[in-house]
Amino acid sequence: MTGQAVPIGTGAPAASLLADRVAVFLLGAALNFNVLTSTFGLPFQRLSDLLPFLLIPWLGLRRAVIAEALRQAAPLAGILVLIAASLVLKAHKQAGDVYLTLVLLLYVVQAFILLVMFRDRRVEDAFCIGLLAGLLASLAVLLLAASGLQLERFGLAVPTDGLDEELKLFVQDKQGGLWASGNETGHVFALGGAAALVLSLRYRLKAIYLAYFAALLASFPFTNNRAGLFMPLLFLGLLMRRNLKAPAVLAVFGVLGLLLVAWAVTGEIPLPGTLSQAIERRFAEDRNVTGNFDERFLSGVTALQLVVEYPFGVGEVARREELQALTGLVTPHNGFVSLALQSGIAVALLLLSGLGRILLAPAAFGPFLTYSALFLIPSLMFEELSVNQYFLFFMGFILASLALPPDRAASATGQRP
């Protein structure tokens, strides 16, 4: 880029900009603090599914948004048509399948609007701050649920009624708070690192990312999700590499060494009970690594066979039934494969092409989209998250970016941090 983009808020009334920032802040917070509104008899599974009906008509009427939508009408319409086509072409269509497809469709439209509004960095900042605020609130819910409080009636926990006993034990071992289980929660918190990284680098405040990482670690004893630690830990190392001094590194290794010695001598890790139990279960006592790998390989290969058999998608409910009949498992443990089964190969390829396009030209697409892509990919590789609303929304950002040429995407999100 040769120059800075002109914020869309330039010349706009201060009250209007403030209202926009408040709106996107609340949207970001709602994505992470995603209350189950279906608990209250509403026709929306989660709070984030309701918000497009309120925010698209309001934010979408901005002059800059309308102008951009008209300029990019063909690619935007093509993306929406491909997603909508799965409603007609997929092999099986049940209520849940239709709902998830419509949610993704609305999220893409909403994401396109936000990418245009993010030309004003203050609006993008408000969204990132909202994501982190919602993450902290979601962590509070997780801690309350772990203490034994029954939060289902408030829409703050997923009901376990009707689940078989084995699945109930799994959910209790990997607690999810607002989400179904720790397998979801760990990755939701991991993706929150994109917002923390944007704000930390933009304002040169490493404390923001450190506070986020501390919150992520606080969730680990309850989610037991190792994969959700990988990308946040990698960026923590990159962010703090210049602050690492030999004495500090030696001190950390010394503490770890003492913990290992204590564990070898006593058989127990001298840490707070819940944390030590989580570390033992997920690292020291996990003897099912080979079995877990075999299950993932079997379910993944079988799911790919189903993708070939049903190129336009088989539907969320039906593919679980077919996969269970073939392998005894209900998940491919891969979000990309799961999306192909849910919405067809074309939509999955769209997502992959969007991710590749961003990562091949990160400077052209800016920090928000780049970090979102980087945090999104490993989570989708390790877990089925194509039905998680938080991940559906970030998939919407990647898909919507395909409707913007790199120079336009850069002007929307590419300000220097």
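Rings of Phe, Tyr and Trp (its six-membered ring) pair if their centres lie within 6.5 Å; planes under 30 degrees apart count as stacked, over 60 as edge-to-face and the rest as tilted. The model is predicted, with local features needing pLDDT of at least 70 and side-chain atom pairs counting only at pLDDT 80 or more, while totals for chains, interfaces and linings use all residues. Residues are numbered from 1 along each chain as its sequence is written, and side-chain values use heavy atoms, with hydrogens and water left out.

**View 1. An aromatic pair, Phe-127 with Phe-393.** The structure holds 18 aromatic pairs. In one of them, Phe-127 and Phe-393 are stacked, with 6.4 Å from centre to centre and 25° between the planes. Phe-127 belongs to helix α6 (residues 121–146) and Phe-393 to helix α19 (residues 389–401), so the pair links distant parts of the chain, 266 residues apart. Helices (H or I, at least four residues) and strands (E, at least two) are DSSP runs, numbered from the N terminus.

**View 2. The largest cavity.** A cavity is a set of points on a 1 Å grid over the protein atoms alone where a 1.4 Å probe fits but cannot get out, and its lining residues have an atom within 4 Å of a point. Grid points are joined across faces, edges and corners, and a volume is the space filled by probe spheres set on the points. By this rule there are 2 cavities of 30 Å³ or more. The largest has a volume of about 40 Å³. Its lining includes His-187, Ala-190, Phe-230, Met-231, Phe-375 and Ser-379. The elements that give two or more residues to this lining are α8 (182–191), α11 (227–240) and α18 (362–382). The largest share, 6 residues, comes from α11. By class, the lining has 8 nonpolar, 3 polar and no charged residues; Ala, Val, Leu, Ile, Met, Phe, Trp, Tyr, Cys and Pro count as nonpolar, Asp, Glu, Lys and Arg as charged, and the others, Gly among them, as polar.

**View 3. The second largest cavity.** The volume here is about 30 Å³. Gly-186, Leu-216, Ser-219, Phe-220, Thr-223, Asn-225, Gly-228 and Leu-229 line the second largest cavity. Helices α10 (206–223) and α11 each supply at least two residues of this lining, and α10 gives the most, with 4 residues. The lining residues divide into 3 nonpolar, 5 polar and no charged.

**View 4. Helix α16 against helix α17.** The axes of α16 (residues 335–343) and α17 (residues 345–360) come within 6 Å and cross at roughly 140°. Axes are lines fitted to C-alpha atoms, for helices over the stretch in contact, and angles run from 0 to 180 degrees between N-to-C directions. The two helices, α16 and α17, are therefore oblique to each other; angles under 35 degrees count as roughly parallel, over 145 as roughly antiparallel, 65 to 115 as roughly perpendicular and the rest as oblique. Contact, meaning heavy atoms within 4.5 Å, is made by residues including Phe-336 and Leu-339 of α16 and Leu-351 and Leu-355 of α17.

**View 5. Helix α8 against helix α9.** Helices α8 and α9 (residues 193–202) pack at an angle of about 20°, with their axes 4 Å apart. They are therefore roughly parallel to each other. Phe-189, Ala-190 and Leu-191 of α8 meet Gly-193, Ala-194 and Ala-195 of α9 in the contact. These residues divide into 5 nonpolar, 1 polar and no charged.

Definitions and conventions. 1 Å grid on protein atoms, 1.4 Å probe; cavity = no way out; pocket = protein on both sides within 12 Å on 5 of 7 lines; lining within 4 Å.
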